[in-house]
Amino acid sequence: MTHSAHTPASAAPPDRSLGDLDDRSRRALTERMAVTALGRGSYEVVGESDDAYLVDLPAGRCTCPDHRFRDERCKHVRRVAIEITAGRVPAPDQIAVDCERCGETMFTEHTAFEPYLCPSHELSVGDMVYDRETGQRLLVVGLSDRRADEVSISAARGTVADHYSNREYDADDPVVSVVYPDSFELTQHGPAPDSLTVYSFPRPRLTVTPS
C-alpha cells in the first residue's frame, strides 16, 4: 500500500485562486488528509478529525455522509484525484514498486514486467545484468517486444518459452538478447564473429543486481 502524508494538498491549483473554487474543491485542497491506496481502485482517506472513509474511485463512490446521503462528488473523492495527479499515490490501474537499481518507489501498470526499473534506470543496450537462475553476469545487446513463445532458439528446439530453464516464466514475457561478456574473443576489429553467441532470455529472468 502507498499513502500520502496527512497534509493539505496545495495552496491553490495553477492559475486559479481558492476563491474561484466551489466549497468541496477548496476543502479537498486545503484540509489535512492522508490518502492510502488499498488496491483495485480503492483508497482510504483520513481527515482532520481522524475519521476514515473508503473511496471507490472508478465508481466515484465514498462512504462519507456527503456522498451517501447527498450523492455529491465529495471532498474525499476529489482529494484522491488530486493525490493521483500529483503522483503521491498510484492510479487505480497502477501498483507501487521499488526500482530494482536505485530503490526509489514508483508507480507502474499492473501488467508491467519485472525487473521494475524507474525511467532513469530502464534497461538499455550495453547494460550489465544478472541471470536470476545462475547468478552469471550478462551484457544486454538487444531489446524486443516479441514474446518468449514467439522467439525460436535451437537449444530448445522451439521457443524461448519452451526451454526447460524458462518454464517458470510466462510465455508472454518480452525477450532480451544478451551475451556472456567473458565468453568471446576481442580483436582490434571488435569481437571475433565465431566466438560471439547471442542468447535470448525472458526479461523477468534478468536482474540489474546480483542474485
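In the predicted model, strand S1 (residues 2-3) pairs with strand S2 in the antiparallel sense over two bridges. His 3 has Thr 36 of S2 as its bridge partner. Strand S2 also pairs with strand S3, again in the antiparallel sense, over five bridges. Here Thr 36 stands opposite Glu 44 of S3. Two residues lie between the strands in the hairpin of S2 and S3, where Arg 40 takes a positive phi near 55 degrees.

Helix H3 spans residues 75-85, and its buried residues are Lys 75, His 76, Val 77, Arg 78, Arg 79, Val 80 and Glu 83. The cover over these residues includes helix H1 (23-30) and the strands S2 (34-39), S3 (42-46), S4 (52-56) and S5 (61-62). In an α-helix, residues three or four places apart point the same way, because there are 3.6 residues a turn. Just after H3, Gly 87 takes a positive phi of about 80 degrees.

Ser 25 is placed in helix H1, and its side chain makes a polar contact of 2.7 Å with the side chain of Arg 78, one of the buried residues of H3. By contrast, Ser 25 and Arg 147 are 46 Å apart in space, C-alpha to C-alpha, and 122 residues apart in sequence.

The largest nonpolar core has 16 residues, of which Val 129, Leu 138, Val 178, Phe 201 and Leu 206 touch the most other members. Strand S9 (137-147) and strand S12 (174-179) are the elements that give two or more residues to this core. A second, separate core consists of 14 residues, among them Val 45, Cys 62, Val 77 and Val 89. Val 77 is also one of the buried residues of helix H3.

Leu 206, a member of the largest core, has contacts with residues beyond its neighbours within four places in sequence: Pro 115, Val 129, Tyr 130, Asp 131, Arg 132, Leu 138, Val 176, Val 178 and Phe 201. One of these, Asp 131, is found in strand S8 (residues 128-131). Asp 131 has a relative accessible area of 0% and is therefore buried. The side chain of Asp 131 reaches the backbone nitrogen of Glu 133 at 2.9 Å.

The count of aromatic pairs comes to one. Tyr 180 and Tyr 199 form this pair, which is edge-to-face, with 5.2 Å from centre to centre and 80 degrees between the planes. Tyr 180 lies in the loop between S12 and strand S13 (186-187), whereas Tyr 199 is in strand S15 (residues 199-202), so the pair ties together parts that are 19 residues apart in sequence. Tyr 180 counts as buried because its relative accessible area is 18%, which is under the 20% limit. Tyr 199, with a relative accessible area of 36%, is partly exposed.

The mean pLDDT of the protein is 88, and 91% of its residues reach 70 or more. Confidence is highest in strand S4, at 98, and lowest in strand S14 (residues 190-191), at a mean of 64. Where pLDDT is low, the predicted coordinates should not be read in detail.

How values were computed. Residues are numbered from 1 along each chain as its sequence is written. Side-chain values use heavy atoms; hydrogens and water are left out. Helices (H or I, at least four residues) and strands (E, at least two) are DSSP runs, numbered from the N terminus. Buried means under 20% relative accessible area, exposed over 50%, partly exposed in between (1.4 Å probe, protein chains only). A polar contact is a pair of N or O atoms within 3.5 Å; within protein, one must be able to donate a hydrogen and the other to accept it, and residues adjacent in sequence count only if both atoms are side-chain atoms. Contact means heavy atoms within 4.5 Å. A nonpolar core is a set of buried Ala, Val, Leu, Ile, Met, Phe, Trp, Tyr and Cys residues joined through side-chain atoms within 4.5 Å. Two strands pair if DSSP finds at least two bridges between them. pLDDT is the predictor's confidence in each residue, from 0 to 100. Rings of Phe, Tyr and Trp (its six-membered ring) pair if their centres lie within 6.5 Å; planes under 30 degrees apart count as stacked, over 60 as edge-to-face and the rest as tilted.
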